[in-house]
There are 2 protein chains.
Amino acid sequence: MNPSATARARAALAELPAEIATTDPDILAGYARDQSQFTPSETPAAMLAPRTTAEVATAMTALHRHGVPVVPRGAGSGLSGAANATADSVVLSLHRMDAILEVDPANRLAVVQPGVVTAALRERASGAGLAYPPDPGSVEFATIGGNVATNAGGMCCVKYGVTGDFVLGLEVVLADGRVVRTGRRTVKGVAGYDLTRLFVGSEGTLGVITEVTVRLVPAPRPAHTLVASFAALPDAGRAVTAVVEDGLTPSMMEILDRTTVRAVDAMSGMGLGDEVHALLLIQSDDPDAAEVLARVEHLCERHGAVDVAISADRAEGAMLLEARRLALPALERLGDWLLDDVSVPRSRIAELIAFVEEVAARSGLTIGVFGHAGDGNLHPTIVFDDADPAARAAARGAFDEITERALHLGGTITGEHGVGRLKSGWLAVEQGPVGMDLHASVKAALDPAGILNPCAVMPREAAGSR
Amino acid sequence: MNPSATARARAALAELPAEIATTDPDILAGYARDQSQFTPSETPAAMLAPRTTAEVATAMTALHRHGVPVVPRGAGSGLSGAANATADSVVLSLHRMDAILEVDPANRLAVVQPGVVTAALRERASGAGLAYPPDPGSVEFATIGGNVATNAGGMCCVKYGVTGDFVLGLEVVLADGRVVRTGRRTVKGVAGYDLTRLFVGSEGTLGVITEVTVRLVPAPRPAHTLVASFAALPDAGRAVTAVVEDGLTPSMMEILDRTTVRAVDAMSGMGLGDEVHALLLIQSDDPDAAEVLARVEHLCERHGAVDVAISADRAEGAMLLEARRLALPALERLGDWLLDDVSVPRSRIAELIAFVEEVAARSGLTIGVFGHAGDGNLHPTIVFDDADPAARAAARGAFDEITERALHLGGTITGEHGVGRLKSGWLAVEQGPVGMDLHASVKAALDPAGILNPCAVMPREAAGSR
């Protein structure tokens with residue numbers, strides 16, 4: 001941290017209430033980065049934990065005036081480095097703003113502060129006979145603010161959509177400390193530009209989210225569950241396409257590849273078997289779920305499923321899903337890991353998984369693939385030895401090869417984890433030069449001083465403002 | 001039109017292929033405005049009808065270089081004046097770009113040019129066993145480009161959402177003629193800012209949409225239909241809230257007020273009766289539609305419905321919905337009309353309708369209200385004599401009073417028609433000064449010369465660029 005940056009951060013902090021700021025190195029170390037791998041981070045100059053929108057506004061006004069970079073942060077559970085700090089930055093953590101302000105069953109909405117843990121909102125909605133569907137893997141500890149900032153997904157998306165599909169309106173503190181409300185409390189509304197959606201998924205680079213109005217839905221029925229195993233990967237891919245083409249929309253449709261199945265077997269002794277090359281795990285919460293899954297069973301069998309199990313019982317369903325729950329923990333046990341996140345058209349998932357198998361064979365790495373087959377969003381998980389520089393380079397190489405192939409298959413570099421610092425280089429490949437210019441224009445319009453999360457999404461140079 | 005504007009437009013046209021431009025006054029007169037009332041318009045300097053994205057890009061490059069205002073236009077069926085021309089502008093009509101480029105059942109998407117009529121896309125999707133749900137009132141003649149530019153709604157929204165919820169990606173020609181692709185072909189994708197949603201609903205002020213990738217859904221089941229009549233308006237409002245709170249989501253839930261019912265009776269001899277103060281028209285296409293509507297019937301009766309009719313038959317259902325189909329035609333017969341479009345939280349619709357009745361009584365105007373009760377989006381329709389300046393002023397006064405009340409009830413100034421030139425004054429009231437600053441910043445970022453539809457959404461002064 002250079003002296004002028006130190007002086008700037010100090011001057012800004014001096015203007016803020018002491019009880020919201022900390023410069024204790026032991027505490028700061030815990031705010032340096034999120035849960036991502038392969039992303040740079042440094043201990044920030046300070047951490048601010050405001051309690052109100054007014055305090056966020058005061059903080060941003062001072063930080064803006066002194067030109068101090070600000071890294072907004074939810075629970076830090078992100079997987080792309082979007083909450084990683086730099087030494088000249090101040091981390092703005094929203095964890096103290098954790099109130100559920102309102103649940104309105106007649107209008108099926110809730111108003112919450114950004115620090116509310118997603119599971120807490122889901123529970124509260126459930127208590128009102130409603131549901132907040134988004135269920136990222138981090139649902140038990142991630143916060144709504146972080147979910148909105150990254151447009152988080154989950155297993156529900158195939159039927160219910162992603163976080164952004166549930167955000168009706170926001171309160172946002174802009175880079176210069178001004179406060180704005182976007183969106184609405186009504187189901188429909190087209191007054192002006194969709195600024196709500198502009199902030200959703202912007203990873204803290206355009207504003208600090210201080211309040212979220214979310215849409216709720218009626219509590220779904222208990223789901224019926226189906227698990228189908230396949231002896232050949234392309235068969236599973238064809239089964240997924242057949243389900244989609246048959247007009248069915250499961251409430252969950254997950255896939256585990258052979259490597260993941262073996263890792264789960266090794267960890268749990270579940271005995272799925274070496275001959276399983278792909279596992280599909282499917283739920284339906286439709287009123288006619290039994291018929292839907294009977295139809296899915298028929299389609300799986302027609303496309304070569306070796307074994308199909310169905311249950312209408314909730315506890316039995318949870319047991320059938322155990323392999324999915326263990327997928328990441330089982331792969332993590334094998335070594336250090338780098339989790340990728342790409343989306344391809346649903347009809348191309350088998351091709352992507354086959355390519356990953358090819359990369360694994362070629363590189364000698366173990367790479368398990370699991371994810372959301374129903375929406376084409378897969379998580380190739382590269383296992384390697386972080387202490388071995390060659391293995392580390394091979395892992396990064398495999399990661400880039402897979403990302404490139406996803407683009408080549410008509411997909412995107414990230415389905416739900418976001419760009420952060422992990423994929424900011426890839427963003428330009430996906431967006432192209434005009435798209436990147438547009439990104440830089442929007443960033444400059446909302447944060448002309450370039451103080452908001454300046455290393456995320458676009459590298460500092462590309463943002464053109466620092 | 002001042003001489004320098006004329007010279008600029010002429011210089012730009014001279015650079016373009018003659019076969020895409022017309023300055024024939026008889027033709028230009030037909031491109032001066034959309035279907036809105038109370039909005040200013042002038043005959044444009046020229047009309048361009050490009051056939052390809054490259055021609056749109058060439059046109060924008062020339063018009064940008066010469067500083068000529070451009071008004072992009074779909075079918076001109078809008079109701080807010082967003083396609084109204086000024087004398088110094090060139091209208092850019094996308095009607096020649098009307099190809100359905102692709103329908104992909106395995107990935108449930110279609111790629112279309114902007115000039116495709118919405119009904120044609122719906123029919124084509126239906127032929128593939130799928131559906132494109134958005135169904136604005138203008139579905140038979142409006143185009144997808146216009147629907148996307150205004151984020152059009154319709155009767156399906158209570159269950160399926162609005163146009164924007166079906167847009168996966170766009171090709172857009174920017175103000176300076178550069179071409180950009182936004183979004184994706186995958187179900188999920190979070191790479192960078194949501195530029196797709198920024199263009200959706202921006203009413204031609206940020207770019208010219210030249211291609212749209214839309215999400216399709218499985219073809220819904222044939223709907224069951226219910227019609228309930230109420231002798232008191234608040235009863236109907238409570239019935240709507242009861243349906244929502246009971247966890248039901250109809251595929252359509254419309255309301256007609258007393259004035260509209262009487263107009264329909266007068267036109268059709270349908271004999272709904274003077275004692276009907278509100279009519280609810282509800283459909284369900286759920287697998288358990290019969291049970292859903294039985295439950296709705298029970299809730300309507302519990303909240304004072306005088307008469308309830310249900311049918312599972314498609315033809316009979318269409319007959320039950322005849323009153324809804326005739327609502328606007330029946331009100332139009334009574335005189336000149338000004339159609340409003342506001343949204344309120346669903347629990348407040350009876351309050352808004354009661355307020356409209358009060359305004360009508362006070363002003364001596366006939367004002368019928370019909371609309372989408374299920375999502376709180378209502379269309380108060382003010383009948384007046386356009387030849388009488390006092391009546392015209394009274395109509396505008398009533399329109400503004402109703403818009404203000406919608407905001408006061410927690411609603412928005414427009415649910416689906418857009419801001420255009422009709423409500424650009426109201427936008428500032430809803431957005432507030434910081435919101436308007438943000439709008440101006442975004443506009444300046446994407447269209448620094450301010451040539452794109454400079455009178456729509458924000459008045460020229462507010463956009464700050466001309």
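A: Buried means under 20% relative accessible area, exposed means over 50%, and partly exposed is in between, with a 1.4 Å probe and protein chains only. This is a predicted model in which local features need pLDDT of at least 70 and side-chain atom pairs count only at pLDDT 80 or more, while totals for chains, interfaces and linings use all residues. Residues are numbered from 1 along each chain as its sequence is written, chains are lettered from A and ligands numbered from 1 in the order in which they are written, and side-chain values use heavy atoms, with hydrogens and water left out.

Q: Where in chain A do Phe38(A) and Phe384(A) lie?
A: Phe38(A) is in the loop between helix H2 (25-29) and strand S2 (46-48), and Phe384(A) is in strand S19 (residues 377-384), so the pair links distant parts of the chain, 346 residues apart. Helices (H or I, at least four residues) and strands (E, at least two) are DSSP runs, numbered from the N terminus.

Q: What sits over the ring of Phe38(A)?
A: The charged end of Arg392(A) does, 4.3 Å from the ring centre; a charge sits over a ring if NZ of Lys or CZ of Arg is within 6 Å of the ring centre and within 35 degrees of the ring normal. In chain B, Arg392(B) lies over the face of Phe38(B), at 4.3 Å from the ring centre.

Q: What is the phi of Phe38(B)?
A: Phe38(B) has a positive phi of about 65°, although it is not a glycine. Most residues other than glycine have a negative phi. Phe38(B) counts as buried because its relative accessibility is 17%.

Q: New topic: which residues does Ser229(B) touch?
A: Leaving out residues up to four places away in sequence, Ser229(B) touches Val276(B), Ala278(B), Leu279(B), Ala305(B), Val306(B) and Asp307(B), where contact means heavy atoms within 4.5 Å. Ser229(B) belongs to strand S12 (residues 224-230) of chain B.

Q: Why does Ser229(B) count as buried?
A: Ser229(B) counts as buried because its relative accessibility is 9%.
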